[in-house]
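Student: I would like to learn how to read a model like this one. Please take me through it feature by feature.

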Amino acid sequence: MKYSRQDVKKKKEHIVKSSSKKSYRIRKYMGYVSAVIVIALVFACLISAFRIVRGWVNQAQKIDELDLLTKGTPSVMYDIAGKEIQTLKASDIDSEYIAISDIPSSVQQAFVAVEDKNFYKHHGVDMSSIIRSVYEEMTGNDKNKKSSDTITNQLIENQIMENQNEDTVSEKISATVVEQFLAADIEKSMSKKEILEYYLNTINLGDGIMGVQAASKRYFDKDVADVTVSEAAVLASIVADPAKYEPVSQQENNAEKRKDTLKKMLEERYISEDEYEDALGDDVYLRIQNISATKINTKDKLNSYYTDAVAEQIITDLKEKLGYTQTQAYHALYRGGLQIYTCQDSSMQSICDSVINDDQYYPAATKSYLTYSLIVAKDGITKEYSEIDVKNYIYNTQQESISLYFHNVKKAKKYVSDFKKYILNNGGVLISENIQLVKQPQVSFVLLEQSTGRVKAIVGGRGQRVANRAINRATEAKRQPGSAFGILSAYLPALDTSGMTLGTMLKGSDENQITMRDAIVTTNDFAATGVLEQVSVRTGYEYLRKLGFSTIVMGRKNEDGRTESDMTPALATGRLTDGVTNLELTAAYAAIANKGIYQKPRFYTKIVDANGEVLLENEADSTRVMKESSSWLLTDTMQEIVNEGMAGAVKFRKLNVEQAGMIGNTQKHSDRWFEGYTPYYTAGIWTGQEEGSAASNTDYQLTLWREIMERIHKQKKLSKGKFSDCTDIISSEICTECGKKAVEGLCSKVQNKSYNRTEFFAIGTQPAEKCDCHMKYRICKASGQLAGENCPEKDIYEKVIRRNLPDKAKTGEENEIPEETCEIHNKQE
């Protein structure tokens with residue numbers, strides 16, 4: 001069949017049109033099919049989602065099965081040998097159940113206002129919170145999700161679900177959904193009063209305290225039924241973050257939060273404007289500042305300082321690493337049936353405890369320091385008295401001037417009793433009383449294995465421990481480090497970053513110069529300050545942060561509105577705003593002992609849950625914070641302090657183990673330190689008067705350190721040991737008067753003295769220039785002038801003289817260089 005060109009064109013158009021119609025019908029058909037498939041998929045997803053959610057909810061505990069106050073299973077701590085050292089039980093937690101009818105409305109309202117203002121309106125579920133929580137879980141931005149939970153949610157999280165350690169988004173979302181279903185279920189089966197009663201009895205309100213009744217007794221020494229609006233706001237302000245807002249140790253933070261709590265109570269019309277103003281003006285912290293946070297149930301036995309420190313680290317890690325709330329962390333620790341494997345070496349701990357508590361190692365006639373608090377109410381006014389008032393009373397009534405240090409404890413108690421009777425006989429009503437007599441000087445000790453960061457033993461104080469969670473002077477107390485700080489804040493960054501060396505000449509005072517090594521060995525504060533100013537205070541501060549110090553103040557407002565900061569040259573001499581803890585100072589020195597690698601201190605290695613699964617693996621957290629050459633140079637210098645310097649008393653008497661370390665003293669010797677190490681262990685000791693008074697100028701802390709460390713090394717059969725060499729180190733002979741390369745036969749013969757010394761340097765920093773401060777002259781004995789060519793050799797001697805160079809400070813030993821030639825043998829014609 002033949003087609004014309006026009007027929008072909010028409011045929012093509014017809015085919016295209018037919019194809020288009022078919023394509024359109026196909027696309028239309030596919031669209032229907034796709035719509036059906038999408039609908040089916042959505043329906044299937046909804047069914048699946050419903051089944052998943054139903055599965056999650058079915059897996060959740062039923063309301064009638066819940067025991068919101070279950071005691072759970074005790075947790076057990078073990079030492080490095082697997083020996084049980086402590087059992088932690090629910091009864092160890094400071095708690096006391098109280099009915100909602102006995103909790104005043106001001107307390108109930110304070111918690112509702114700050115934690116869940118819609119508590120009486122919702123049914124346990126806050127949809128905006130659910131949506132926000134799911135979104136944050138999916139985006140990974142879930143750090144603050146707990147802040148939006150209702151009181152019912154918080155009760156479920158803390159008492160029922162606890163923390164399931166959800167890893168995936170699905171697991172987290174499932175936990176959120178289950179939590180909301182349970183919240184709604186609880187609201188159906190319980191009244192608001194019942195929910196609030198459970199909540200107020202189980203919420204964490206500070207260190208080891210559960211519930212408002214226990215908290216009220218701890219902080220105010222009275223039943224919760226008697227607390228004021230102001231005091232209720234203090235308690236409610238703790239909940240957001242008990243570690244941050246605890247009103248004894250974190251008083252400033254709690255005070256700020258309390259203002260916000262009172263404002264919210266006013267906004268919700270729980271209090272009037274007058275009540276608000278009265279509460280703001282109440283000096284509530286005066287009534288709690290001397291209430292010791294140590295009244296924990298001790299029916300069975302007291303915890304050791306070490307196990308308290310383990311518990312603190314675990315609480316922190318559960319919160320930071322696994323996302324537990326404070327309450328969940330406490331429940332896990334005290335009722336979760338955990339097996340906790342600590343780093344404690346019980347044999348080492350026994351030696352530390354034995355030596356620290358042996359009075360023979362302390363200055364004679366040990367005394368006890370009186371601390372006293374008496375709170376009395378009279379005519380509606382509360383007044384607090386202290387040991388100073390006792391002292392003034394005795395002086396005014398008996399004309400006797402007494403010290404607050406007592407050899408005779410009975411006498412101290414008699415003074416207190418007389419004062420108390422006097423106050424109460426004048427119509428006062430006793431609110432609370434607290435008396436303590438603490439042995440002085442006090443002490444703390446920390447023993448670390450520098451290669452692993454494992455804390456082998458600690459001693460948090462001297463004398464009988466009277467309560468759990470009392471102040472741990474090893475891990476919590478902040479003291480001034482004094483001269484022990486310059487190594488870390490000044491000399492380390494100088495060696496590590498600025499090109500300075502142990503041979504660098506420093507101003508030891510306004511008049512003389514000394515080498516860096518000599519400045520360190522003699523703890524020259526003037527030189528240390530100059531070094532820090534050269535490297536910059538900022539650099540020194542950054543090194544301290546890398547070394548793990550958390551108490552250095554960068555800038556904050558004090559009560560007077562002035563800015564406090566440690567960013568000053570005083571960093572070089574350890575004069576700080578707050579001070580440092582022994583644990584952090586010892587860990588910093590351990591970094592030097594460990595070839596420049598900082599290991600974060602660890603009190604435990606792992607935690608196994610009740611099901612036998614590893615809950616937390618506390619692996620070594622190490623960071624290089626200095627060059628190995630810098631750590632070697634500092635170790636070599638601090639060996640000299642032990643072998644030939646002022647810390648000679650720490651040198652082992654029977655063991656051939658190398659030691660290095662640094663003494664730290666503050667003004668008036670109120671704080672005394674020794675931070676030292678061997679190739680195996682690093683240990684730090686602090687001793688001093690707790691109230692900061694002057695102490696006798698005796699270095700008894702050195703004897704304590706040596707006695708402990710020598711016993712430990714002997715027990716571990718470590719009779720020999722040397723510090724490792726460093727391949728980046730080179731030696732060179734230097735002149736100690738100018739720091740330059742020594743000239744043979746010159747620097748070693750200066751007026752019968754030798755200023756020639758072998759010094760060590762990081763390769764590339766050794767001096768290249770030769771000494772220019774010493775000159776050798778030929779002197780004629782007959783005239784004392786420069787020898788001339790006619791002076792007999794038998795009358796000539798050589799003399800090395802220190803020149804007074806323009807850029808060198810005078811030492812007082814310079815000699816005038818003879819200018820005239822001997823006139824006796826070299827007469828001019």
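Student: Where is Arg803 found?

Tutor: Strands are DSSP runs of E with at least two residues, helices are runs of H or I with at least four, and both are numbered from the N terminus. Arg803 is found in the segment after strand E28 (796-802). This is a predicted model, where local features need pLDDT of at least 70, side-chain atom pairs count only at pLDDT 80 or more, and totals for chains, interfaces and linings use all residues. Residues are numbered from 1 along each chain as its sequence is written, and side-chain values use heavy atoms, with hydrogens and water left out.

Student: How is the exposure of Arg803 classed?

Tutor: Buried means under 20% relative accessible area, exposed means over 50%, and partly exposed lies in between (1.4 Å probe, protein chains only). Arg803 has 27% relative accessibility, so it counts as partly exposed. Arg803 and Asp772 are 31 residues apart in sequence, with their C-alpha atoms 8.2 Å apart in space.

Student: How many helices and strands does the protein have?

Tutor: The secondary structure comes to 23 helices and 28 strands. The protein has 829 residues, and 50% of them count as buried. Now contacts: a contact means heavy atoms within 4.5 Å. Take the contacts between residues at least 6 apart in sequence: 72% of them join residues at least 24 apart.

Student: How do I describe two packed helices?

Tutor: Use the angle between their axes and the distance between the axes. Axes are lines fitted to C-alpha atoms, for helices over the stretch in contact, and angles run from 0 to 180 degrees between N-to-C directions. Angles under 35 degrees count as roughly parallel, over 145 as roughly antiparallel, 65 to 115 as roughly perpendicular, and the rest as oblique.

Student: At what angle do H2 and H6 pack?

Tutor: The angle between H2 and H6 is about 90°, and their axes are 11 Å apart. H2 and H6 are therefore roughly perpendicular to each other. From H2, the contact uses Gln108, Phe111, Val112 and Glu115; from H6, it uses Leu196, Tyr199 and Leu200. These contact residues divide into 5 nonpolar, 1 polar and 1 charged. Here Ala, Val, Leu, Ile, Met, Phe, Trp, Tyr, Cys and Pro count as nonpolar, Asp, Glu, Lys and Arg as charged, and the others, Gly among them, as polar.

Student: At what angle do the axes of H7 and H8 cross?

Tutor: Helix H7 (residues 212-220) and helix H8 (residues 229-236) have axes that cross at roughly 115° and come within 11 Å. H7 and H8 are therefore roughly perpendicular to each other. On the H7 side, Val212, Ala215, Ser216, Tyr219 and Phe220 meet Glu231, Val234 and Leu235 of H8. The contact of H7 with H8 divides into 6 nonpolar residues, 1 polar and 1 charged.

Student: Is H7 mostly covered or exposed?

Tutor: H7 is mostly covered, with 8 of its 9 residues buried. Among them are Gln213, Ala214 and Arg218. The buried residues of H7 pack against strand E3 (94-95), helix H2 (105-115), H6, strand E4 (209-210) and H8. Asp221 follows H7, and its phi is positive, near 55°.

Student: Which backbone oxygen does the side chain of Asn201 reach?

Tutor: A polar contact is a pair of N or O atoms within 3.5 Å; within protein, one must be able to donate a hydrogen and the other to accept it, and residues adjacent in sequence count only if both atoms are side-chain atoms. The side chain of Asn201 reaches the backbone oxygen of Glu197 at 2.8 Å. Asn201 is in helix H6 (residues 192-202). Its relative accessibility is 5%, so Asn201 counts as buried. Leaving out residues up to four places away in sequence, Asn201 touches Glu96, Tyr97, Ile98, Met210 and Gly211.

Student: Which residues does Ala332 touch?

Tutor: Ala332 is in helix H13 (residues 326-335). Not counting residues up to four places away in sequence, Ala332 touches Ser75, Leu318, Tyr324, Gly337 and Leu338. Ala332 is buried, because its relative accessible area is 7%. Gln326 also lies in H13, and with a relative accessible area of 9% Gln326 is buried.
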